[in-house]
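I opened a new page for this model today.

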Amino acid sequence: MVMENLTFGRNITRQYDLKGALHARFSLAADGSGDVLLDQNFVNDMNSSPLYLSNKNKRLLQRAIWNDTTFLNSINVMDYSLLLGVDTQRRELVCGIIDYLRQYTWDKQLETWVKSSLVVPKNVLPTVISPKEYKKRFRKFMSTYFFSVPDDWCSQESCDPCELGGGIRDDDIDMSSQSK
């Protein structure tokens with residue numbers, strides 16, 4: 001339901017499902033196909049055509065992620081994602097936390113052990129980890145790969161506002177459908 005409401009009435013040209021993990025998180029989706037891209041796609045796109053946030057918007061995003069992940073960790077939930085949509089027509093980013101219904105029960109603990117022992121390369125955490133570790137990895141990823149520029153570079157009053165692919169102006173992030 002969050003996904004449908006997040007993108008309703010918008011012209012979403014790129015959409016990412018971000019978990020904060022890079023191992024096995026790449027989609028071979030064709031450009032413009034409407035497919036949801038993953039973490040490695042996002043990192044690659046940020047290296048070739050970054051989206052910049054004002055410092056103010058990055059702080060707001062980080063605060064929302066901090067609050068949401070604190071709550072999700074407190075109820076033993078993991079394996080959630082940040083759904084991020086890019087609306088080039090409105091020059092906005094829309095985002096919300098999705099897939100937040102899975103608690104870290106014995107079957108997920110077993111999956112963590114199997115994946116870390118047999119599937120995932122050494123020194124790489126699997127996507128399924130304890131809520132505390134998941135929260136830390138998720139926060140670090142979101143802090144690292146969302147780039148910011150000084151607030152006055154993206155103000156509404158600026159005579160040369162930041163362009164998408166160059167920046168997102170203040171008030172251009174819609175975080176209305178975050179988890180609470």
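I start with a term: helices and strands here are DSSP runs, numbered from the N terminus, and a strand needs at least two residues. On that basis I place Asp17 in strand S1. I also note that this is a predicted model.

**Entry 1: confidence**

I looked up pLDDT before anything else. The protein chain averages 77, and 66% of the residues score at least 70. Confidence is highest in helix H3 (residues 55-74), at a mean of 94. It is lowest in strand S6 (residues 173-174), at 52.

**Entry 2: strand S3**

Next I asked how many residues of strand S3 (residues 81-87) are buried. I got seven of the seven, so the strand is largely enclosed by the rest of the structure. The cut-off I used for buried is under 20% relative accessible area.

I then checked which way the residues point. Ser81, Leu83, Gly85 and Asp87 point one way from S3. Leu82, Leu84 and Val86 point the other way. I recorded both sets as buried. In a regular strand the side chains alternate between the two faces of the sheet.

I followed the pairing on to S1 and S4. Strand S1 (residues 12-18) pairs with S3 in the antiparallel sense, over six bridges. Strand S4 (residues 92-98) also runs antiparallel to S3, and seven bridges join the two. S3 and S4 form a hairpin with four residues between them. In that turn, Arg91 has a positive phi of about 60 degrees.

**Entry 3: helix H2**

I listed the buried residues of helix H2 (residues 39-48). They are Asp39, Asn41, Phe42, Val43 and Met46. What covers them includes S1, S3, helix H5 (131-145) and strand S5 (147-149).

**Entry 4: Asp17**

Is Asp17 buried or exposed? I count Asp17 as buried, because its relative accessibility is 14%. I left aside neighbours within four places in sequence and looked up its contacts. Among them are Arg25, Val36, Asp39, Leu82 and Ile98.

Asp17 forms a salt bridge with Arg25, with the closest N and O atoms 3.2 Å apart. Arg25 is buried too, with a relative accessible area of 9%.

**Entry 5: other salt bridges**

I searched the whole structure and found six salt bridges. Side chains of opposite charge can pair when their charged atoms come close.

Glu92 pairs with Arg10, and their closest N and O atoms are 2.5 Å apart. This pair links distant parts of the chain, 82 residues apart. Glu92 is in strand S4, and Arg10 is in the loop between helix H1 (2-7) and S1. I logged both residues as buried.

Lys19 forms a salt bridge with Asp79, the closest N and O atoms being 3.2 Å apart. Here the partners are 60 residues apart. Lys19 is in the loop between S1 and H2, and Asp79 is in the loop between H3 and S3. Lys19 is buried at 11% relative accessible area. Asp79 counts as buried at 17%.

Last, I traced shared partners. Salt bridges join Asp17, Arg25 and Asp39 into one network.

How values were computed:
Residues numbered from 1 in each chain as written. Predicted model: local features only at pLDDT ≥ 70, side-chain atom pairs only at ≥ 80, totals over all residues. Heavy atoms only, no water. Buried < 20%, exposed > 50% of the residue type's maximum accessible area, 1.4 Å probe, protein only. Pairing = 2+ DSSP bridges. Contact = heavy atoms within 4.5 Å. pLDDT = per-residue confidence, 0-100. Salt bridge = Lys/Arg side-chain N within 4 Å of Asp/Glu carboxyl O.
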